[in-house]
Amino acid sequence: MQWEVVIGLENHVQLTTNSKIFSGSSIRFGAEPNTQASPVDLALPGVLPVLNRGAVERAIRFGLAVGAKIAPQSVFARKNYFYPDLPKGYQISQFEDPVVQGGTVSFAYEKDGKLETKTVNLTRAHLEEDAGKSLHEDYAGMSGIDLNRAGTPLLEIVSEPEMRSANEAVAYAKALHSLVMWLGVCDGNMQEGSFRCDVNVSVRPVGQKEFGTRCEIKNLNSFRFMEEAIHYEVRRQIELIEDGGRVIQATRLWDPDKKETRSMRTKEDAQDYRYFPDPDLPPLVIGQDWIDRIRAEMPELPGALRARFTGDYGLPEYDSLVLTSSKAMATYYEAVVLAAGKENAKAAANWLMGDVSSTLNRAGVEIDASPVSSAQLALLLKRIADGTISNKAGKEVFAAMWEAGSPDENLADTVIDQKGLKQISDTGALEGIVDEVLAANAKSVEQYRAGKEAAINALIGQAMKASKGKANPAQVTELLKKKLAG
């Protein structure tokens with residue numbers, strides 16, 4: 001039997017406010033346990049929650065970016081369940097009336113060696129508070145409870161179950177991760193729990209309309225773990241069904257050491273949480289003027305920027321996709337092009353996707369912390385374009401610029417002079433080198449004139465060797481062809 005995989009994602013995005021969603025407590029990561037939990041976070045008698053305006057504004061910003069409806073009025077509800085690190089015995093969330101309704105996320109991914117694009121519909125995005133954290137590793141025979149995270153503002157983004165492979169799901173999650181960072185609503189730090197993924201996975205026979213029974217894999221904080229977990233869970237469900245068993249709706253955890261999912265608890269449905277409107281919080285009312293003000297402050301979005309890079313700079317779709325993978329990368333690239341000229345736009349893209357990115361990765365540095373500024377790289381590209389140095393020498397210059405870490409905008413010229421890397425472009429000097437090469441390589445000359453065009457490569461190599469790599473390769477090739485034709 002042929003099986004179809006059905007995947008939907010729920011992403012918990014920690015918002016970049018300074019304080020919690022219903023109290024003034026700090027959300028700074030790494031504080032000593034239980035030092036950032038106020039009476040409001042603990043729901044002690046007599047306290048009342050007050051909604052953080054910054055959290056609402058970030059939710060609106062996200063909703064506008066994905067083309068969603070911003071609810072003019074939304075309601076906070078109590079989601080009732082017991083967990084040791086949930087101090088209230090309930091979580092303040094949104095149920096029937098979320099602040100963000102609908103929307104879409106578009107992304108590109110590789111399939112069978114080709115670049116494919118897909119758009120996934122969003123069900124909703126709602127505001128809620130985070131729970132605390134159970135600590136199991138640090139205490140022998142017992143667990144500790146850290147309530148610093150309790151009340152941290154989250155935007156839970158729920159997709160429709162429209163993804164059909166682990167590849168699609170990971171590409172969607174990466175696109176969403178990039179978008180929330182681009183908008184400044186989340187710092188995207190997965191190791192610190194700022195962007196967490198819950199993956200709902202089910203399988204069904206190809207052609208069947210009804211969904212299979214789903215299992216939810218909770219709290220994945222790595223795209224690699226997500227891909228591995230989906231592949232395992234798909235295999236587990238198919239083997240279970242084909243062996244005559246049935247999938248039980250459950251919440252599961254991914255064990256990265258054993259490379260398997262394991263059951264955490266039977267999956268609850270909405271009625272199990274006994275939602276009801278929180279009596280301590282009035283409805284959230286969002287006026288059109290508030291929405292318009294936030295829309296006016298929105299940055300240019302990745303999709304629009306990709307289209308502009310392709311249209312204005314003539315970049316291939318793949319290049320535009322890579323260069324808009326982060327706001328910092330896109331900003332750096334455009335600064336290089338503005339300084340180096342549109343004629344160098346493709347060269348700038350090649351350098352950023354090649355030498356610059358590989359050097360950043362080796363150093364573990366983000367593009368906005370690169371020791372080579374956009375202006376410095378732009379000058380280097382100009383020197384390659386005008387023939388001052390070769391592209392090969394350019395790599396040597398870039399490496400030296402990276403090591404120097406100097407703010408001097410003319411650093412490329414300084415390095416070129418110090419290392420003596422200027423190409424020989426003087427026609428008279430090059431003719432002398434070419435004449436010597438032709439005289440010393442009669443066999444290659446004879447082969448070329450006999451119709452073996454590849455023989456010229458040996459002559460070019462000899463000319464570059466004679467000039468110690470400083471001859472302009474394009475001029476050498478032109479001179480050789482002219483003299484060989486004579």
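The model is predicted, with local features needing pLDDT of at least 70 and side-chain atom pairs pLDDT 80 or more, while totals for chains, interfaces and linings use all residues. Residues are numbered from 1 along each chain as its sequence is written, and side-chain values use heavy atoms, with hydrogens and water left out.

Me: How do you know that the length of α11 agrees with that of a helix?
Reply: Helices here are DSSP runs of H or I with at least four residues, strands are runs of E with at least two, and both are numbered from the N terminus. The expected span is 1.5 Å times one less than the number of residues. For the 14 residues of α11 (391–404) that gives 20 Å, and the end C-alpha atoms are 20 Å apart, so the two agree.

Me: Which residues of α11 are called buried, and what do they pack against?
Reply: Buried means under 20% relative accessible area, exposed over 50%, and partly exposed in between, with a 1.4 Å probe and protein chains only. In α11 the buried residues are A393, G394, V397, F398, A400, M401 and W402. They pack against α9 (345–363), α10 (374–385) and α12 (411–419). Just after α11, G405 has a positive phi of about 60 degrees.

Me: What makes the crossing of α9 and α11 right-handed or left-handed?
Reply: A crossing is left-handed if the near helix is turned anticlockwise from the far one by less than a right angle, and right-handed if clockwise. The crossing of α9 and α11 is right-handed. The two pack at about 35 degrees with axes 12 Å apart; axes are lines fitted to C-alpha atoms, for helices over the stretch in contact, and angles run from 0 to 180 degrees between N-to-C directions. Contact means heavy atoms within 4.5 Å. On the α9 side the contact is made by W351, D355, V356, T359, L360 and A363, and on the α11 side by N391, G394, K395, F398 and W402.

Me: Which residue classes make up the contact of α9 with α10?
Reply: Ala, Val, Leu, Ile, Met, Phe, Trp, Tyr, Cys and Pro count as nonpolar, Asp, Glu, Lys and Arg as charged, and the others, Gly among them, as polar. A347, A348, W351 and V356 of α9 meet L377, L380, L381 and I384 of α10. This contact has eight nonpolar, no polar and no charged residues. The contact of α9 with α11 has six nonpolar, three polar and two charged. α9 and α10 pack at about 115 degrees, with axes 11 Å apart.

Me: Why is N34 called partly exposed?
Reply: Its relative accessibility is 41%, so N34 counts as partly exposed. N34 lies in the loop between β1 and α1 and has a positive phi of about 65 degrees although it is not a glycine. Most residues other than glycine have a negative phi.

Me: Why is A125 called buried?
Reply: A125 has a relative accessible area of 0%, so it is buried. A125 is in strand β8 (114–129), and its C-alpha atom is separated by 4.3 Å from that of I157, 32 residues apart along the chain.

Me: What joins the side chains of S19 and N52?
Reply: A polar contact is a pair of N or O atoms within 3.5 Å; within protein, one must be able to donate a hydrogen and the other to accept it, and residues adjacent in sequence count only if both atoms are side-chain atoms. The side chains of S19 and N52 are joined by such a contact, of 3.3 Å.
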